[in-house]
There are 2 protein chains.
Amino acid sequence: MAKARFDVTGIGNAIVDIIGRCDDAYLAKIGADKGSMRLVDAGAIAKIYSGMGPATEMSGGSAANTIAGVASFGGKAGFIGKVANDEFGRIFSHDIRSIGVTFASAPVAGSQPTSRSLILVTPDGERTMNTYLGISTDLDHSQIDGDLIADSAILYLEGYLFDRDDAKAAFRAALAQAKRAGRKVALTLSDGFCVDRHRAEFLDLIQSGVDILFANEKEITSLYETSNFDDAANRASRDTRLAVLTRSAQGSIILNEGTTTKIDAVRIDDVVDTTGAGDLYAAGFLYGYSQGHPLETCGKLASFAAAEVISHVGARPQAQLAQLACEKRLI
Amino acid sequence: MAKARFDVTGIGNAIVDIIGRCDDAYLAKIGADKGSMRLVDAGAIAKIYSGMGPATEMSGGSAANTIAGVASFGGKAGFIGKVANDEFGRIFSHDIRSIGVTFASAPVAGSQPTSRSLILVTPDGERTMNTYLGISTDLDHSQIDGDLIADSAILYLEGYLFDRDDAKAAFRAALAQAKRAGRKVALTLSDGFCVDRHRAEFLDLIQSGVDILFANEKEITSLYETSNFDDAANRASRDTRLAVLTRSAQGSIILNEGTTTKIDAVRIDDVVDTTGAGDLYAAGFLYGYSQGHPLETCGKLASFAAAEVISHVGARPQAQLAQLACEKRLI
């Protein structure tokens, strides 16, 4: 098997985040479940937007944020996602390319706009997302760049994309291509509600060849329909070679063929905006893993990257993670 | 004369800022003069954008930032500016309305997009702006809302708009409307190069009825074609009732019919991004003035608001200035 030119290639929704602050009362008013992601239609997003305060726009998307993190660590990364030929499509494409990520997907003309997510940040720093899935979920086979996937040590799949059938099929095709090339496949479950919507298919995908599974407590207990985290973790470790499970401030655990590695969360004094915490956790882990670091180092890089991203507004790193990680003697 | 319902109404370019970081070498490469604003065409802006790092988009525009500051202090404010019926037009309109500003200008369909400025922030926090004036400089008489102007204690005009003839005519019409209603007129010279381009017409406008003139050292010395600041200040104090002159870290002076009030700059430890410093200075001053505070208080509110905005990325306040100013016993 040839050495891969890319460390990680991600497939996910190509989204521009519209980030603003609100209080808990506004979340209640619009019926949003704090801390979660929900899909909204064009009418709902216009209504929520009109009621929220001034906002900042920046590129987001779960797997795209992870890929931006891998690049910030100095990893060679690619991204596959769908944008429209509009202002937000140009913003997304610029931002991801400007950090050295290979993003070959050409913008697609049509009636669907580039996807956007209204992210409401409450005073406690928690983020609640209202996502309008425009063109990004229309991903299908034709966008899957087989050469890029075959040339990437790890293929990283975003669970959020499971919300449409064509995208599911594209995922399966991409997984098969990665496997044929002898590469590793990683998957994030993305969101508890997302798991609820697609439990059986997630399980099927995991059992059909996912090497590394990322999930938080809510997602993994939802997947196995249990309220017991340890029970869910045990089942995950049977279904996949490497289960990486996060528990917010309680840190995370890495389950690998019978052994468990515990990683502490990196404490920060002021949580500004939790958006991207899970995405950057995955970035640190995947970067470390792609460089052959021990699992404990991968976990520490993961916690470190998550801590950086929640210390400021926005879901992508604002510091050069490679340099910071070096200064902190993590690598 | 009836009491005005609005404290301040601004007329200026309606711009969305695209803010990214760069080093001094990149400024040299693109031929930009550090700290200034230059107008670029569509081709140049695309080239500069493609060479810069990941960016954040947020509403800007000089007078619009000032108006946002007035609103943040609790002032009743209006804004007149031109946006297209596009994504950036929606962002601009949302952000300014979401803070309680009256912005009645409807988006205009056509071939020109909403204006945008690529703002490059160097490690020293200085900002250099490359502005693509799309539709916003097409402002003409038809956009001037005479009722709003007649109902505002102060009309605030942005010098940047002087770059097109229709806008100049619209300015003169607005000034005349304000005067007829017995209101005050304030003008900012905006930028040294802008003054170079339109010196005679700026002088003509000032002498034809501007009550409050805002300028920094570069702008006021350019206006009077002298290298001596004191000389320029003296001439400004003869041409206008109130000349408010800023000198960055050296603070500012307020010249009012023979008396001079000196205001210290508010020192902050970490200058993150100087974008909006002058705009927010004007906001603090105009808010204080509209509430009948003494000139020294107006100047202190001005310096305080400028200090807040340079402590973070972006040209509009991120804190509630009314509350902060109260906590600091400024008002």
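Reader: Which elements do the buried residues of α8(B) pack against?

Author: In this predicted model, the buried residues of α8(B) pack against α6 (165-180), β10 (184-188), α7 (192-197), β11 (212-216), α9 (217-223) and α10 (229-239) of chain B.

Reader: Which residues of helix α8 of chain B are called buried, and what makes a residue buried?

Author: A residue is called buried if 20 or more other C-beta atoms lie within 10 Å of its own. In helix α8 (residues 199-207) of chain B, the residues that are buried are F202(B), L205(B) and I206(B).

Reader: Why are the buried residues of α8(B) said to line one face of the helix?

Author: Viewed down the axis of α8(B), the buried residues fall within an arc of 100°, and therefore they line one face of the helix. On the other side of α8(B) stand A200(B), D204(B) and Q207(B), which are exposed. Just after α8(B) comes G209(B), which takes a positive phi of about 140°.

Reader: What makes β12 and β13 of chain B a pair of strands?

Author: Two strands pair if there are at least two bridges between them; strand β12 (residues 242-246) and strand β13 (residues 252-256) of chain B have five bridges, in the antiparallel sense, so the two strands meet the definition of a pair.

Reader: Why is β14 of chain B called an edge strand?

Author: The open sheet of chain B has nine strands in the order β6-β5-β1-β9-β10-β11-β12-β13-β14, with mixed pairing. The edge strands are β6 (102-103) and β14 of chain B, each of which pairs on one side only.

Reader: What is the strand order in chain A, and how do β1 and β9 of chain A run?

Author: Chain A has an open sheet of nine strands, with mixed pairing, in the order β6-β5-β1-β9-β10-β11-β12-β13-β14, and its edge strands are β6 (102-103) and β14 (259-263) of chain A. Strand β1 (residues 6-11) and strand β9 (residues 152-158) of chain A run parallel and are joined by five bridges, with V8(A) standing opposite I154(A) in β9(A).

Notes: Residues numbered from 1 in each chain as written. Chains lettered and ligands numbered in written order. Predicted model: local features only at pLDDT ≥ 70, side-chain atom pairs only at ≥ 80, totals over all residues. Helix = DSSP H or I, 4+ residues; strand = E, 2+ residues; numbered from the N terminus. Buried ≥ 20, exposed ≤ 12 C-beta atoms within 10 Å, placed from the backbone. Arc of directions from axis to C-beta. Contact = placed C-beta atoms within 7 Å.
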